[in-house]
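Colleague: I'm new to this one. Can you walk me through it?

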Amino acid sequence: MREIVAVVGQAGTGKTTWLMDKANELAPRILTEEHHTLLAITRMHGSRRRVQAKLRETCPSIRSTVSTIDGFALSILNRWRTALGYSRPIHAVNGDVDFVESIFGTDADFVRVLTSATKLLKSPTIRRVISESYPLILIDEFQDCWGPLLNFVKALAECSTLLLAADDFQLLNSEVEGCPAIEWVKTLEERVIAVVEELTLCHRTSNPGILEAARCLRNGEQSNKKTVSVVSCPNPKMAAWKIVDALLLKFYMKDWDGACAIIFPSNDNYIKNVMDSCNAYAQDYHRPPLTYHKEMSQDQHVQLVLKDIGFEEKRAQCIYSCDTSNPTGQQVIECVREQMKLRGLPDVTEKIVVSYAERIVHRHRSYSPKEPKRVLVTVHGAKNREFDNVIVLWPYRVREEMKRRLLYNAITRARKHCMVLLQLKAKDAEYDSAINLLGPLEPFKANSKKKKQ
């Protein structure tokens with residue numbers, strides 16, 4: 001096993017910056033040949049984009065490749081797939097799919113891709129190729145690795161020097177006991193194979209309220225002073241007023257400029273009613289609607305594109321008659337038509353349409369370079385990202401054991417300001433085990449100013 005250098009830090013402590021500093025320190029010693037490349041891999045595309053930007057900014061002289069862990073495992077599998085008996089290109093798909101033939105080649109689910117890639121890394125020849133290509137591998141958000149993901153990283157540890165960054169409190173899967181990734185590194189530290197550093201100083205924000213809220217949630221300690229703004233808004237119109245004031249009207253909250261995320265733990269009607277009320281307030285005050293990008297799951301996105309091109313009503317026949325203005329839908333139609341032409345297919349099948357929709361949606365979601373100014377997103381969707389301002393819509397339908405972690409992850413996305421709007425009456429807030437750690441609630445300020453004509 002090669003050397004492992006790891007940092008265990010908290011949200012906002014600069015784990016990614018630490019990775020860049022260590023990469024600059026180790027690269028001259030490890031990347032000694034012209035063909036050597038730094039490999040940076042992460043669990044999710046959000047952190048992949050952040051690492052890619054950081055590498056360009058802080059390590060411009062280091063030759064690097066950036067990917068997700070799943071994507072890199074798939075590249076290994078496709079490079080040596082014939083060793084496992086697969087002649088056609090392999091594509092990773094959702095669900096439970098055990099290497100079946102498809103129109104694009106061979107489909108397999110992500111777990112099987114990871115398991116097969118890990119199996120290939122047992123070969124001394126393949127390990128030597130990876131070692132010579134990527135002698136230094138950087139992994140951000142390492143706490144999200146468990147099961148097949150962690151087994152794959154363990155196999156990479158036999159090939160190259162690893163740089164790891166993790167925070168066990170940001171592991172949001174309640175089905176995983178402890179933090180297997182950090183526990184594995186700790187066992188290596190005892191054998192003097194790994195060097196582990198701990199970070200505690202936050203670099204993301206200097207806002208004392210956000211820092212105090214993060215400390216209290218992380219340690220399970222109740223604050224006796226003001227942390228972030230926590231306001232009781234059991235009525236959706238009350239929550240909407242706070243949002244519109246911060247983002248449009250600026251009556252009470254004048255310096256909420258920059259990117260803003262409206263974060264919530266789970267979808268329910270309260271969220272929808274709040275956003276509908278926001279636009280009603282904007283109309284009342286003769287302002288433009290409060291525009292925002294609502295993020296959704298990949299499956300929801302695929303279904304939306306299929307509906308837009310008429311797939312629900314006409315099924316595969318939509319390809320012949322659809323005239324959509326949606327760029328993603330247009331691309332699906334063009335790709336399917338091109339596929340039919342190249343293959344000389346007499347008729348299109350539903351499987352081809354759905355397959356192209358899934359592939360194109362995945363590419364757009366994963367590699368779109370533009371971050372919307374305002375997003376409406378779940379805590380899991382906001383993970384590994386940063387925003388100038390954060391508004392947390394905190395519903396009560398959250399499992400008790402995850403409350404502190406979810407609220408911690410939501411609040412620590414903020415660089416400048418954070419406000420928590422409760423779907424609870426003030427007298428009921430004390431029964432929320434996470435909210436009651438954040439100190440006294442702020443009074444709700446109703447508008448006392450006249451609407452602008």
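Modeller: One term before we start: contact means heavy atoms within 4.5 Å. Also, this is a predicted model.

Colleague: Okay. Which residues does Gln143 touch, leaving out those up to four places away in sequence?

Modeller: Gln143 touches Ala165, Ala166, Asp167, Asp168, Gln170, Leu171, Cys179, Ala181 and Lys383.

Colleague: And where is Gln143 found?

Modeller: In the loop between strand E7 (136-140) and helix H6 (148-157).

Colleague: Is Gln143 buried or exposed?

Modeller: Gln143 has a relative accessible area of 0%. The cut-off for buried is under 20%, so Gln143 is buried.

Colleague: What does its side chain reach at 2.9 Å?

Modeller: The side chain of Gln143 reaches the backbone nitrogen of Asp167. Asp167 is also among the residues that Gln143 touches.

Colleague: Switching topic. Where does Lys186 lie?

Modeller: Lys186 lies in helix H7, residues 180-190. Its relative accessible area is 29%, so Lys186 is partly exposed.

Colleague: What is Lys186 in contact with, neighbours within four places in sequence aside?

Modeller: Val196 and Glu198. Lys186 and Val196 are 10 residues apart in sequence. In space they are 7.9 Å apart, C-alpha to C-alpha.

Colleague: Now sheets. What is the strand order in the open sheet of 3 strands?

Modeller: The order is E4-E6-E5, and the pairing is mixed. Strand E4 (90-93) and strand E5 (100-101) are the edge strands, each pairing on one side only.

Colleague: How many bridges join E5 to E6?

Modeller: 2 bridges, and the two strands run antiparallel. Strand E6 covers residues 106-109. Val100 has Asp107 in E6 as its bridge partner.

Colleague: What about E2 and E3, parallel or antiparallel?

Modeller: Strand E2 (residues 38-42) and strand E3 (residues 64-68) pair in the parallel sense, over 5 bridges. Leu38 stands opposite Ser64 in E3. From E2, the chain crosses through helix H2 (residues 45-58) to E3.

Colleague: Is that crossover right-handed or left-handed?

Modeller: This β-α-β crossover is right-handed.

Colleague: On to rings. How many aromatic pairs does the structure hold?

Modeller: There are 9 aromatic pairs. One of them is Tyr86 with Phe99. Their ring centres are 4.5 Å apart and their planes are at 15°, so the pair is stacked.

Colleague: Which parts does that pair tie together?

Modeller: Tyr86 lies in the loop between helix H3 (69-79) and E4, and Phe99 in the loop between E4 and E5. So the pair ties together parts that are 13 residues apart in sequence.

Colleague: Are those two buried or exposed?

Modeller: Phe99 is buried, with a relative accessible area of 15%. Tyr86 has 23% relative accessibility and counts as partly exposed.

Colleague: Trp241: buried or exposed?

Modeller: Trp241 counts as buried, at 3% relative accessibility. Tyr281 counts as partly exposed, at 22%.

Colleague: Which residues form one aromatic cluster with Trp241?

Modeller: Phe251, Tyr281 and Tyr285 form that cluster with Trp241.

Notes
Residues numbered from 1 in each chain as written. Predicted model: local features only at pLDDT ≥ 70, side-chain atom pairs only at ≥ 80, totals over all residues. Heavy atoms only, no water. Pairing = 2+ DSSP bridges. Helix = DSSP H or I, 4+ residues; strand = E, 2+ residues; numbered from the N terminus. Phe/Tyr/Trp six-rings, centres within 6.5 Å; stacked < 30°, edge-to-face > 60°. Buried < 20%, exposed > 50% of the residue type's maximum accessible area, 1.4 Å probe, protein only. Right-handed = clockwise from strand over helix to strand, strands pointing away. Polar contact = N/O pair within 3.5 Å; in protein donor to acceptor, adjacent residues only side chain to side chain.
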